[in-house]
Amino acid sequence: MERSRRGRIRRKPSSDSENDSSTAAPSCKRSKRFAQTESEAEEEAENVEYLEEEEMESIQEASTSQAPRSQSTKARQTRANMSQSACSFTLSSELSIPNAFDRCGKVISMRLTNFMCHSNLFMEFGPNINFLVGNNGSGKSAVITALALGLTSSARATSRASSIQKLIKNGEASASIAITLSNSGLRPYKADIFGPHLTVVRQIRHSSSTYDLQDARGKSVSKKVAEIRRVLLCFGINVENPIFVLNQEAAREFLKELEPASNYRLLMKATQLDVCTSSLTECHAQRRHFTQDLDQLEKKRDVVAKQVEAEEEKLSILKNKEIVKEKLEQCKVKLAWMAVTRHQEELNNLEHSIKLIESKKAKLEHTTSKKESTQATMTQQLREFEATKNQILATYKIQDEKLRTAKRAVQELLLKTSAIKAQIGNAERRMREDQHAYDECEKLIGNYHADFNRVKEQREEHAKKMEALKKLVADGEEVIARLREEQQQIKKDITSVQERVESVKNERIQLHKSKQNIKGNIESLSRNKSNELSVYGEQAIQVVRTLRTQYAGPNMHWMPRGPLGQYISAPNPKYRDLVENQLMSCLRSYIVSSDKERKSLRDLLQNKFHGGNIPTIITSPFTDRVYDVSRNKVRPTTPNTTVLIDEISCDDPVVMNYLIDMLRIETVLVTESKEIAEFLTSDTENVPPHLTRVLVPNLGLEYIPSPNYAVYSSRINPARYIHINVDDRIRQLEMEKSELDEKDASLEIDYMQHKKKAENTQLEITKRGSMIGQHQSRNQRAMQQIMELQNFDYQELPEYDRLKSHLADSGEKIEKCKEERQMLHQKLNEIQERKAELDATAAEENMALNGINEKLSTLDTEAREIESKIRSLDLHYEENTRNFQKTLQLERKMIDEKETVLNELEKARGEAEKLGEFIATTQSEEKIREIISRYKSKIKQVEQLNYNTEDVERELSMLRDDLGLQARHLAVVDSVIKKLRMAYHQRAQLFQRCRHHYFTMVQFQFEQALAMRQFKVSFESSDKEKTWKINVFPPSGNETSNTRSLSGGERSFTTVSLLKGLWSTSDHPFYFLDEYDVFTDEVNRKFITEILIGEGLEWMSRQYCFLTPQDTAVEASNHITVHKLEAPDR
């Protein structure tokens, strides 16, 4: 595993695996001068996590001694670079602890335990740009999957598994993900509680999954998912947005398709406009639902209102039953007298008609008998009327002029009256103000001495009280400080106790898992003692049987080889353990000759290995002969030294060739002497040709020859597969189980003791916290009282002499205002007297003028009547004669009808007097008959139903309450609908503007990125169809409107350019991009990598991590961190 500046990765060895791997050349490894043990690495991690202050001091001290260390570093690098020509990374400095995380939410480190292919992986990220490089199967995608799952995402969202339990490493009972996030920046989350960084831990078990949120010291603060989501919301983290965390599957699909609908969905999700769309849809649906509810409520209210009316009417009938009967009788009397009134009206009409006929008859008689004399008389009257009218008109003009003069004089007096009233009002207002000031001065002068003494006593009393309160606060602060010191000391003690409890607990869990595994192995071995393959498990036995049956006959040569351990043996027993430890990674593996065979074998293994932990499948060519390694084989030059290939016996050439290809066993020397190993590796002159390693099995040492000289120590475990006797293996497992039982018993006692101690210590901390809270509450109350006394508003007392002077001035002003008001009242009275005289004169003149008008009107009317009569005499003489005869006939007829009506009137009056006296009414006869019918129906209904008044009143009260409740509910729903309608329209308009803005911004940034390689692009967006079509035109001249026709490199460059445009619209603490260069060649990969590095250098406040399976020549620097993952032990 390779490390570069600011990147640190640690992994414990593991023998299990779950992923396939293919044959590949060994990667170059960086030389190490010193090996760091596992305990030292854990101690270093604890120092980084808990001792921030000491870390800063150590960095300052290190800066003073930088020169001598740099010289030694350069010397080591000079030797190391001689063998780095085949490696792809150039390392510029050694590892350093990250200390530049200046934004909340950046990922500081990540630890994976039994997660996917990783047994124990620890990785520290740089604050700016990170490159995570490794071959397929090295576990890169597991890192990005762990990031999403650790930050509350689901397994289905990562596209790696349908449930999170399937991501636990095969053969393990649980897994854990620990992600440390920066809490330093503009908006830290509860910095006083969590400190400069916080850690999110997710424990995954086969039955459940739990969270733990820890502070900077590793103390658990909360185990609630809601709290973690509040942290993510505060930091602005959204791991389910593909532009922030683009996993392997999403990256591949995105590179393949770039379909218009997918592009539109991606842009909406990237800018979180899809959340706005769903919210608007929900708002519209909710408003429609409320509108339907409003209609239903209105219908219910109308029904209840009708029920209330019916009950009110029923109650009214019950309470007024006798009144209804009286009203019925009254209605009958009214109906009878209405008939009398109708006959009386007919009689009056007949009498009036008879009078009119008699008057008309007299006129017609007079007109026909005295025509000529009447005409001369009327003409003389007209002449007299004309002379009289002229005299009256002359008098009218004189009288009208007098009236106009009187009105003008009255108007002038009214204006003077208004001005004087305004002056009187101003004088009275000033007098009231001066009187109020005068009264206030008298009151202040009277209470001056008493107020002065009272204020003085209040100040002295408050000063004494404040002194006592300050002393109380000081004493309380001393007690709180002492209690805090005690509490901090107890917390320090409990931290170590809790760490010990957790350590013992984890150790017990591991022991239980080991015992269960041993028990299962013993049972399996006992059932299959006669089969040598039993050490590989029952599944391996079944797989071998199936393969032998499937490939029986001429196809036996192409049968997959496996488990490989059954073909390998160690002739020398003392090297058996060494051989097995060196070949451990492949002893359970299988070798196939083609992809077809690989697929078939994988289906078989998946069918047999139901519980997971599927062995690795290797694709390697099948040959009949073992490779000739004589030219590349290392030659022993010292005694007691042998070559590893000579200590391995393998009859199958396919298996042997695989060991030569992958492990290069022909270049490894084995010796029993440490001195010989050092002699062969420490000096370049002594290194034999083709030597890659020297093993010292009795000491567990491994030497790497110069110029990459390094020494590793490793534990050689007893052999489990090669030449192992089943009974011996069972006894060995039983002994291991006994040792684990004894260790478990001692650990249980230790665990209970430390757990009890931790509980007691926690009680002490709680007790101290309660006492601190009590003292703080008391101090807060005292400080509140002090603030109230300091802010007390004392009464302000004016100067005594100024009050006296102000009193005298106010008295003088009052007297002046009184004199002015009296003078104005006199003027007003004079004007009003004059106005009264003028009003009387104008009224007399007006009356005279009205009399003249009446005379003129009367003369005109009489003149017109006479003229009309003169014309009638001439024009209608014959007609008047005929009308006179008709009038006589009509008069006789009307007199006969009058006698008939008079008889009917007398008859109706007699019947009405029998029913009662006359009752006046304005109702019609039809209305009265309708009322009589309703009253009869009500009386009949009440007599039939026999209602109870109390029941009706109770029902009416319930209906009224229900009606009021529904009315209030209706008002609330109506208000909500109005607010929803307004909010929906406002937000819909804002959403459309935001969508247009985001689309424009992304398109602009996309065009700018493509222009770096002279690409052109056009867009076709449709909000209605929800599509965003991208037409890319490469600089080659072959224009295309479909991204499917682009090459792999052009497609990758287009995708990265689009992501760069999307990144410009949304800010996020970190961006993880997986396999961005999967379809690119070397030229395109280099250009795309430069674009991504430029993006990271432009946005220093963001953290970027790019995952690639390809080697890249990126050089680590102050802002770039390079991590290299190697295939984990499986």
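Which residues does Arg-995 touch, not counting residues up to four places away in sequence? Keep that for the first stop.

**Before you start**

This is a predicted model, where local features need pLDDT of at least 70, side-chain atom pairs count only at pLDDT 80 or more, and totals for chains, interfaces and linings use all residues. Residues are numbered from 1 along each chain as its sequence is written, and side-chain values use heavy atoms, with hydrogens and water left out.

**Stop 1: Arg-995**

Select Arg-995. It lies in helix H22, residues 949–1011. Helices here are DSSP runs of H or I with at least four residues, strands are E runs of at least two, and both are numbered from the N terminus. Now show what surrounds Arg-995: it touches Tyr-264, Met-268, Leu-273 and Asp-1023, not counting residues up to four places away in sequence. Contact means heavy atoms within 4.5 Å. Arg-995 has 15% relative accessibility, so it counts as buried. Buried means under 20% relative accessible area, exposed over 50%, and partly exposed in between (1.4 Å probe, protein chains only).

**Stop 2: the cores**

Next, select Phe-115, Leu-151 and Phe-1072. They have the most contacts inside the largest nonpolar core, which has 89 residues. Such a core is a set of buried Ala, Val, Leu, Ile, Met, Phe, Trp, Tyr and Cys residues joined through side-chain atoms within 4.5 Å. Zoom in on Phe-1072. Leaving aside neighbours within four places in sequence, its contacts include Val-107, Phe-125, Ile-144, Phe-244 and Leu-1107. Another core lies apart from this one; it has 73 residues, among them Ala-677, Leu-680, Ile-722 and Tyr-751.

**Stop 3: the sheet**

Now display the strands S14-S16-S17-S18-S19. In that order, the five form an open sheet with mixed pairing. Two strands pair if DSSP finds at least two bridges between them. Which strands stand at the edges? They are S14 (641–643) and S19 (710–713); each has a single partner strand, so one side of each is left without a neighbour in the sheet. The twist averages 25 degrees from one strand to the next. Axes are lines fitted to C-alpha atoms, for helices over the stretch in contact, and angles run from 0 to 180 degrees between N-to-C directions.

Pick S18, residues 701–704. Four bridges join S18 to S19, and the two run antiparallel. Leu-701 stands opposite Ser-713 in S19.

**Stop 4: charged pairs**

Side chains of opposite charge can pair when their charged atoms come close. A salt bridge is a side-chain nitrogen of Lys or Arg within 4 Å of a carboxyl oxygen of Asp or Glu. By this rule the count comes to 27.

Select Glu-486 and Arg-768. Their side chains meet in a salt bridge (2.7 Å, N to O). Glu-486 lies in helix H12 and Arg-768 in helix H18 (residues 726–790), so the pair ties together parts that are 282 residues apart in sequence. Is each one buried or partly exposed? Glu-486 is partly exposed at 28%, while Arg-768, at 17%, counts as buried.

Move along H12 (residues 371–527) to Arg-429 and Glu-433, which lie four residues apart, about one turn of the helix. Their side chains also meet in a salt bridge (3.4 Å, N to O).

Finish with a network of salt bridges: Arg-508, Lys-515, Lys-737, Asp-741, Asp-744 and Glu-748 are linked in it.
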